[in-house]
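This report describes a single protein chain through its local contacts, its surface and its overall fold. The sequence and structure are shown below.

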Amino acid sequence: LHLFSPSFLKEARKYAKKIVGQISSPIFLPPDHFKLYDLLISSYPHYVEKFREMGIPAEYLKHAFEEEILRIVGPQERKYGCTFVGGIGQGKMHQEARALFERLAQSLDMDFWGNIEGLNSHSPVFQKYHRRAWGKDMYQILGQSRIAINRHIRDVAQNYANNMRLYEATGMGAMLITDRKDNLGEIFEIGKEVETYSSIDELIEKVKYYSANEREREKIAKAGQERTLRDHNYQRRCQELTEIYEKYL
């Protein structure tokens, strides 16, 4: 939504029956900007509530995984024990992430990819950092991972599971260990399809446990992938989106 100015939206309204926007990222826009839309969609439940309180029609739609990626990437050897592929940014918003991953780098045999501009040059993460990874490269790494770590930016996500990594990691067949969120049980069965943590110590303990217990890890990884391919695919999301649109035609 940050790409479109009010003047553009007002001009577009001359040619469009409905203007629909989607946002699941930090918001840096004034409230009046959102009122230029006929419908707002978000994978954050609290964003949906916020927009509705503003008098703007809003609907919840989760992210998803495209199964075709498995064919494009092809079979991968699970050569990495535990990985994180993502961003560790600057500023207060990413302070928790920096503390988390520096502790993990010190405590675990773990590999990192992505944008880590928020870390200083002496960070222990750099000792196990490879490079930035996007697109097919990112999916290959997840396909080569036995365990994939996930976390949400607390200031934005609050206590809701939302991000793409939930589906990217499970879709590629890695066992996902993610931060505990109120709605995660609506997306995956905790303990059977994914695992969770509520502290750094708990995360380290679970990574060590599932690294040593291959059969249990593979069982959860397989169940998580099956759940994503069955319930969190884009065909399912398109059906849900069509149902949403039909409400507002």
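The side chain of Ser 24 makes a polar contact with the side chain of Gln 22, at 3.1 Å. A polar contact is a pair of N or O atoms within 3.5 Å; within protein, one must be able to donate a hydrogen and the other to accept it, and residues adjacent in sequence count only if both atoms are side-chain atoms. A further polar contact, of 2.7 Å, links the side chain of Ser 24 to that of Ser 43. Ser 24 lies in the loop between strand S1 (20-22) and helix H2 (31-34). Helices (H or I, at least four residues) and strands (E, at least two) are DSSP runs, numbered from the N terminus. Ser 24 counts as buried because its relative accessibility is 16%. Buried means under 20% relative accessible area, exposed over 50%, and partly exposed in between (1.4 Å probe, protein chains only). When neighbours within four places in sequence are left aside, Ser 24 is in contact with Ser 42, Ser 43, Tyr 44, Tyr 47, His 63 and Asn 162, contact meaning heavy atoms within 4.5 Å.

The model is predicted: local features need pLDDT of at least 70, side-chain atom pairs count only at pLDDT 80 or more, and totals for chains, interfaces and linings use all residues. Residues are numbered from 1 along each chain as its sequence is written, and side-chain values use heavy atoms, with hydrogens and water left out.

**Overall fold**

The protein chain has eleven helices and eight strands. The C-alpha trace spans about 60 × 40 × 30 Å along its principal axes. Of the 249 residues, 49% count as buried. Among contacts between residues at least 6 apart in sequence, 59% join residues at least 24 apart. The accessible surface of the chain comes to about 13100 Å², of which 49% belongs to carbon and sulfur atoms. Accessible areas come from the Shrake-Rupley method with a 1.4 Å probe; for residues, only the protein chains shown count as cover.

**Salt bridges**

A search of the whole structure finds 19 salt bridges. A salt bridge is a side-chain nitrogen of Lys or Arg within 4 Å of a carboxyl oxygen of Asp or Glu. Three of these pairs are listed here.

| Pair | Closest N and O atoms |
|---|---|
| Asp 32 and Lys 35 | 4.0 Å |
| Arg 71 and Glu 68 | 2.5 Å |
| Glu 202 and Lys 206 | 3.3 Å |

Both Asp 32 and Lys 35 are exposed. Arg 71 and Glu 68 are separated by about one helical turn, because they are three residues apart in helix H4 (residues 68-73). Arg 71 counts as exposed at 60% relative accessibility, whereas Glu 68 is partly exposed, with a relative accessible area of 34%. Glu 202 and Lys 206 are four residues apart in helix H9 (residues 200-212) and are therefore separated by about one helical turn. Lys 206 is buried, with a relative accessible area of 16%. Elsewhere, salt bridges that share partners join Glu 193, Arg 227, Arg 230, Asp 231 and Arg 236 into one network.

**Thr 196**

Thr 196 is found in strand S8 (residues 195-197) and counts as buried, at 1% relative accessibility. The side chains of Thr 196 and Arg 180 are joined by a polar contact of 3.1 Å.

**Surface patch and backbone**

Leu 3, Phe 4 and Phe 8 form a nonpolar patch on the surface, with about 350 Å² of accessible area together. Patches are made of residues with over 30% relative accessible area and no salt bridge: like charges are joined within 9 Å, nonpolar side chains (Val, Leu, Ile, Met, Phe, Trp, Tyr) within 5 Å. Phe 4 is found in the segment before helix H1 (6-12) and counts as partly exposed at 36% relative accessibility.

Gln 158 has a phi near 55°, a positive value in a residue other than glycine. Most residues other than glycine have a negative phi. Gln 158 is found in the loop between helix H7 (154-157) and helix H8 (165-171) and is partly exposed, with a relative accessible area of 43%.
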